[in-house]
Amino acid sequence: MRRLLGLACLGSLCLSTGCLRHAYDPIGKDSLGEAVFFAEQSGEQWTLHSAPSESTEMPAEPPKPATRRPAPALVDMDSRIYIYVDKSRVALDEGGHDLTDRFARIKRQREKAEAVLDEIAGLTRARSAAIEAYRTGQADFEERKRQYGLAEGVLLDELFKRFADELEALEDIAEEDPAGVYAGLARWFEGRIQALNGEYRSLERAVEQEGIALRLEAWLLRGDQLIPLRVPDYNTLEEGRIRLADRFGLDLSTRQREKLEQEMAANAAFARRANQVLDGEKRLVEVVIKTLDADLAELVVEGQGLAAKYNSRAIKERFRQAMADSQAFFDAVARRAEILSADARDQLGGLPEELGTWIAAESSQVQAVLSLIGRLEQVRGRWSGLHYGEVASAIGEAQQLIGELRAVKFPGLVLVGRKATEVFLHEISSPWVPAAGRALEELLGSAEGVAFLARVDETVGNVAELAGFTSRAADRMDQLGKQFRREHVLLTTIPESLDVSFDQIKDTVIDLRRTDREPGDMVRVRATRLKAGEARGETQAEFEVRRFGWYAKLSPAVVLARPDQLRGSNDGFRFAPTLSWLHHYVPRPGEIGAYLVAGLRPALGIHTAFLSFDGDDSDAIQIGLGGTASLWEGRLQAGCGYNLMADSRVDGRIYFFIGTDLIGLLQTAGIVAP
Amino acid sequence: MIIIDDPTPLTDALADTATTVLVLAGTIDGVAGAIHNFIETRPDMEPWRRWFLVTKLSALTPSQRSAWFGDENDRFVVLGGSVPKQLGPRGDIGELLRANRRPSVLRIRRVFAKGDEL
């Protein structure tokens, strides 16, 4: 039954989180969004984003607008992201109005004229070929004549249709040019293109005078880290060295190696604890819950305890008692007033009121903490069943609570405790006559004084407890928010970025190969239009860094391993850490089988397992080697292998296993920071 | 070329597999004559393209008169392809004029082009 429960838990965790994708809040469409186009080059392949189309040639014109959330484009780790900028869509006129239509009209007319010019050039060639064939009696004359007639008919039909308003001018130029109809028409269209270019340029100059500029920034987002990326001509960041991704997954950086070691250690520890579960020492659910939500759950339990301890009636009574004890102490001081000077008597007379103010302030802060504790539980309940769509509002709620917790300030005197109180009393008594100082010592040592200081101690203890709690609660909430922060990360302007003036705007490229990147990182590109230095429109595009094609990686996991046969044992499953070298193939979206592979993310590889089939001594490690098959990027792993330490088959030489890469799973679920 | 009574040049042109032939029906002083004379002045007309002004429909066979012009004057027809020639664009002579009623080089070339396609 326990085996089934264990398998069911692992299976359901895999199924529920193995295919999790990050969700994004859609951002509003800005008119600037149509100005930025992206094409990705990975090896020989060009991919337009966000179009699924793929090509082996660089697109002549980028026909797709910016890739934007909620559908980040997927780019390969070794790719370059080309950014095309349509300047005309960046422009604004004097009144801040979009000039897209005006630029577009000129561009359309120019394109039309250029198309006709191209057709005339083709027609002229076809005409020469046909005349040559006619004069030399070539056999293919009929075909050439037909082709020429077809081309001329198409061109003239188009002129009549698309240049109806200018037909008379075209007739004149065609009729009058001594070099022939088409030489005249070609000259006319060349002149027209020049005029349109002039009109376009003068419009551009008008925009330049408005101080229009473009800022293009790009970041690599990893967790809550924001790494500025070099965008040539748009910032002055240094160009990194090209480093291709290691497709075999064995050339680990120091950081990756450390991370791998940590994951393996964590898996080994989990396996050990889980084996205690199998042995009946602990319940699996306790282990899992402890792993998943230990900090916040404990915090809430602690908060509930504090709330019960300091319920508002009790806290009022405590502070009332503190006031009474203080008053008793000061009354005792007053009884010895004959030894004090007049000034000292005045100062001492004011002390109860001053202390009362502190205590009242403290009481008020304690009440505030009690109220916040109630809300902490609500927040915890919210996070435990959070849907991605609610992340933004939950973070806002948590941030507000963090702010309020951090705003709680306890009176300084009480926080530093008895010592501060004594120092304070001695300080104010310093101008008193020396005898008064001795009297104060006596008073602090009297029954009233001891009760007073004990009350200070108790209050300090109470407040310190609450202050410590608020600090930890705020830190934990902050940490919780950070796990999801990359969805809502605030982009601040990169200091090295340049505001590129309208006339200098050009296409550019982000070379991912020149930056430290990992699968799962996000690349965010932001285009900001500026008018006279002031932001006037912004658009963002987002890309998720993926591996496409073949690659391999090391995958540590915790598995339930079972020997085929084991002498003197019940042959049951035992938890064990494994390290697999898994080989993946990930097709690009649109390739055959991409949908299925994207859903299952299968992999095959080899593994080494650290087994402990000797039930009596759980620390004894046996090494196993074998094959692994996995789904969902290693989230679910199964395999079989050969136990190198076993003498025979009945000693557990052959084993099978099923398991999960626990840490990756928890990271995917957002429970453990990557 | 102007055909008054003898259609031989036209017949010869129609018997040539290479030619594309524009036949105008009308008077020398009329619109058809103006178009004919205009084409005559063009130095850039393709060598396989031929044009004829038929001033008397009686010079044509009854079937040509009927099929090409519907037995009416101030009409045009283009014949192209191999022999026998296929019927190409045909219509009112006004279709070959500009808005200012002068012969249109572009419209004339367009009907010739359609004939070349045959």
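**Chain A against chain B**

Student: How many salt bridges are there between chain A and chain B?
Tutor: This is a predicted model, where local features need pLDDT of at least 70, side-chain atom pairs count only at pLDDT 80 or more, and totals for chains, interfaces and linings use all residues. Side-chain values use heavy atoms, without hydrogens and water. A salt bridge puts a side-chain nitrogen of Lys or Arg within 4 Å of a carboxyl oxygen of Asp or Glu. Between chain A and chain B the count is nine.

Student: Which residue of chain A forms a salt bridge with Glu46(B)?
Tutor: The closest N and O atoms of this pair are 2.6 Å apart. The partner of Glu46(B) is Arg127(A).

Student: What is the area buried between chain A and chain B?
Tutor: Buried area is the accessible area (1.4 Å probe) that two parts lose on being put together, summed over both. Carbon and sulfur atoms give 54% of it here. Tyr134(A), Lys145(A) and Glu175(A) supply 25% of what chain A buries against chain B, more than any other three residues. The area between the chains is about 2,500 Å².

Student: How many residues does the contact take from chain B?
Tutor: Contact means heavy atoms within 4.5 Å. Chain A gives 27 residues. Chain B gives 30 residues.

Student: Which residue of chain B does Tyr182(A) touch, not counting residues up to four places away in sequence?
Tutor: Within chain A, Tyr182(A) touches residues including Ile120(A), Tyr148(A) and Leu156(A). From chain B, the residue touched is Arg109(B).

Conventions:
Residues numbered from 1 in each chain as written. Chains lettered and ligands numbered in written order.
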